[in-house]
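Here are my notes on the model you sent over. Have the structure open while you go through them.

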Amino acid sequence: MSGGTAQAAVLGAACVAVLAAGCSAGAGGSAQGSPDPAPAPSGPESSPPPAEGTDRQDGAEERAGEGRTEEDRAAAEEEARTGEGAYVFNTHGDEQGRPQQRPEDLVASEFTSFTGLEWQEWGTDSAVGRGGLSGTWCLPECQDDPYPATVELGDPENVGGTLYFTTYRVTEAEGLSKADRTAMEEADQGMLVRP
């Protein structure tokens, strides 16, 4: 056999071995040295909510509820079973945004955000929560020390079969000066980010 023919034969045998290893890995085996494919993302953070009138995936709301009180988890589980409650479009931690219910941290707009939210109410018409309020209108003072505030979400609209809150209103904010309140209200007129 000539040198070129021998190289072609070895190369062909190597290709067959790689293909065979790939087939057995796809059939449940594992090719030595071949990494397993990454699992597809799942859960409420990566998948949109179901259209109205459809069932939700079992456990999705429970996974989203980690870190909440037992009472909050029970309310979230009930909400998942009944399909009640509007969503808020949230870009916190994800510039593309995602629909959420009862988020702990919420980017309300390009100018205003909330952290450490605890929701007292969440329904189809409105939601009320308490947490830290900050925004570009109060930097740098409020960056590390947000104002304790109560926020109300409202004016839900149907977008692609999903109900989203479209406005927010700060009903109470401890220590928020009149000048900062005016700056906050002028920055985005209380309009939430929308999908």
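1. A bit of bookkeeping to start: two strands pair if DSSP finds at least two bridges between them, and the strands (E, at least two residues) and helices (H or I, at least four) are DSSP runs numbered from the N terminus. Glu152 stands opposite Arg169 in S9. This is a predicted model, where local features need pLDDT of at least 70 and side-chain atom pairs count only at pLDDT 80 or more, while totals for chains, interfaces and linings use all residues. Residues are numbered from 1 along each chain as its sequence is written, and side-chain values use heavy atoms, with hydrogens and water left out.

2. Confidence next. pLDDT is the predictor's confidence in each residue, from 0 to 100; its mean for the protein is 73, and 58% of the residues reach 70 or more. Residues 1-48 have pLDDT below 50, and this stretch has 15 contacts (heavy atoms within 4.5 Å) beyond near neighbours in sequence. Residues 50-66 also stay under 50, with 27 contacts beyond four places in sequence.

3. Now strand S6, residues 147-154. How many of its eight residues are buried? Six are, so the strand is mostly covered, where buried means under 20% relative accessible area, exposed over 50%, and partly exposed in between (1.4 Å probe, protein chains only). S6 has antiparallel partners: seven bridges join S5 (residues 127-135) to S6, and six join S6 to S9 (residues 167-173).

4. Leaving aside neighbours within four places in sequence, Val170 is in contact with Phe114, Leu133, Ala149, Thr150, Val151, Arg181 and Met184.

5. Helix H4 (residues 178-188) has Asp180, Met184 and Asp188 buried. Seen down the axis, the buried residues of H4 fall within an arc of 40° (taken from the directions from the helix axis to the C-beta atoms), so they line one face of the helix. That buried set packs against S4, S5, S6 and S9. On the other side of H4, Lys178, Ala179 and Glu186 are exposed.

6. Ser134 sits in strand S5 and is buried, with a relative accessible area of 14%. Not counting residues up to four places away in sequence, Ser134 touches Phe111, Thr112, Ser113, Cys142 and Pro146.

7. Most residues other than glycine have a negative phi, and most peptide bonds are trans. Here, a cis peptide bond joins Leu139 and Pro140, with omega about 0°; Pro140 is found in the loop between S5 and S6. Asp155, not a glycine, has a positive phi of about 50°, and is found in the loop between S6 and strand S7 (157-159). Gln189 has a positive phi of about 50° although it is not a glycine. Gln189 is found in the segment after H4, and at 58% relative accessibility Gln189 counts as exposed.
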